[in-house]
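Open the model in your viewer and keep the selection tool at hand. Here is a short tour of a strand pair and some aromatic rings.

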Amino acid sequence: MKRPSPKRMLFERQTARSGVSASEVVVVLLILFIVIGLGAPVLMRLREQSRDIQCQNNLRQIGVAFLQFADENDATQLSTGSHDFLSDGCPIEFGWVSDLYHLKRLSGATLHCPSHSLSHADGIADLVGTPGTPSVTQMPAELNFRLEGECADFLVESKDGQPVGSGSLTPGDSERIKMASEMIRSGMTTNYTPSWYLARSGIAWERAADGLWQTSSNWPIDERGATLGPLNLRLLAVSPIPQQNIPLLAEGAPTIKVSETLANVDGLTRGEQLVATMLKGPAAWDLSTDSFVSLPPGTVADRLPVDECETGPFCGDELPTADAEGDGGVDGKIWLQDTRNWAPQHPDFAAGVMTLNILMADGSVKKVRDQNSDNWINPGFPIPSDSNRPVPTVELLPFQVYSGSIIPRSMSRENFLE
């Protein structure tokens with residue numbers, strides 16, 4: 001047999017040495033998986049921290065734009081209301097989203113919290129409407145002009161069933177769908193939800209037969225007819241509540257799902273959830289039924305004698321804190337802002353809970369924790385927690401984020417400063 005040449009033998013030895021065994025491959029892969037496993041949570045935290053910072057920066061930019069809008073209108077209003085067709089008018093022209101779009105060209109990413117999985121508010125459902133269901137305005141007659149302009153052709157009825165204007169495009173019409181699609185394409189959409197204060201500011205009181213003040217007898221408390229309209233700088237200037245304690249805007253909670261009709265809107269998918277257009281306003285927790293009740297039309301407000309009360313209705317109520325349950329006055333109900341339409345979106349990795357970013361009236365942003373992880377920030381309603389951990393009843397402390405029934409015009413500032 002012919003013996004291999006020395007050159008060939010050397011080549012074979014080198015080839016054998018350069019091979020990699022299966023065990024070595026496994027070891028390398030294991031090391032790689034360990035490195036990735038250790039690094040993935042760090043990367044995830046860094047990414048979320050970046051999104052959180054962007055969300056806060058968006059809110060600050062929106063706050064600056066609110067103040068600029070207030071400076072440029074005679075009523076000093078921070079906005080023209082919620083971004084909802086039937087509640088505040090044609091959303092191409094009215095509502096805080098269109099205000100900022102036309103004023104500062106704020107749209108798209110600036111009006112969205114990047115941590116939020118949802119992208120659009122449920123006000124778009126009113127704009128499109130549901131076939132066979134009338135579109136009924138939720139505004140008083142003197143504001144019907146807000147349904148004209150770009151939306152003049154939309155068929156809308158008043159509460160008594162009479163047509164408002166001469167519009168003929170019924171709910172679900174292709175032209176209404178087209179407008180909704182154009183709004184989404186232009187970036188005139190948001191996943192932030194305004195407070196009741198921003199969109200409604202206060203209650204339009206009526207004098208009851210006994211001389212006491214009562215809420216409107218014809219309008220629910222979240223509709224324009226029952227309120228004073230959007231928050232303005234004049235009220236902020238005379239209120240004893242510090243502006244850094246008055247909430248304006250935060251990440252919205254899901255409310256409704258996109259219907260078959262809404263799915264025809266470009267950018268919407270059937271079954272996708274939409275966030276709330278605004279908070280619903282004053283509510284109370286009814287201990288007898290274990291449920292929420294909204295401040296009903298025609299409610300007579302309990303109050304102290306005029307010479308003992310500078311703030312008007314509900315001045316006898318004491319807001320709850322972490323150390324005190326509060327006092328509901330004569331009716332025993334503590335009327336607070338219904339904050340269920342806000343939802344915490346940002347993980348606090350150290351505490352193991354989610355947090356909510358809130359834009360305040362002075363332009364600052366406050367972060368509050370969902371301490372019992374129920375996906376809702378409780379302003380003080382006495383609701384039993386399902387958690388086994390002892391948690392404070394109040395997650396929105398009144399001296400940090402005010403949540404009373406109204407923004408008072410005068411009272412001792414000591415009640416709201418820690």
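Strands here are DSSP runs of at least two residues, numbered from the N terminus. The model is a predicted one.

Select residues 353-360, strand S11, and residues 365-369, strand S12. The two strands pair in the antiparallel sense, over five bridges. Now pick Leu356: its bridge partner in S12 is Val368. Next, go to the turn. S11 and S12 form a hairpin with four residues between them. Click Gly363 in that turn and check its phi, which is positive, at about 95°.

**Stop two: aromatic pairs.** How many aromatic pairs are there? The count comes to nine. Select Phe66 and Trp96 to see one of them, an edge-to-face pair. The ring centres are 6.1 Å apart, with 65° between the planes.

Select Trp285 and Phe292. Their planes meet at 80° with the centres 5.1 Å apart, so this pair is edge-to-face. Trp285 has a relative accessible area of 13%; buried means under 20%, so Trp285 counts as buried.

**Last stop: a charge over a ring.** Keep Phe292 and show Arg340. Arg340 lies over the face of Phe292, at 3.9 Å from the ring centre.

Definitions and conventions: Residues are numbered from 1 along each chain as its sequence is written. This is a predicted model: local features need pLDDT of at least 70, side-chain atom pairs count only at pLDDT 80 or more; totals for chains, interfaces and linings use all residues. Side-chain values use heavy atoms; hydrogens and water are left out. Two strands pair if DSSP finds at least two bridges between them. Rings of Phe, Tyr and Trp (its six-membered ring) pair if their centres lie within 6.5 Å; planes under 30 degrees apart count as stacked, over 60 as edge-to-face and the rest as tilted. Buried means under 20% relative accessible area, exposed over 50%, partly exposed in between (1.4 Å probe, protein chains only). A charge sits over a ring if NZ of Lys or CZ of Arg is within 6 Å of the ring centre and within 35 degrees of the ring normal.
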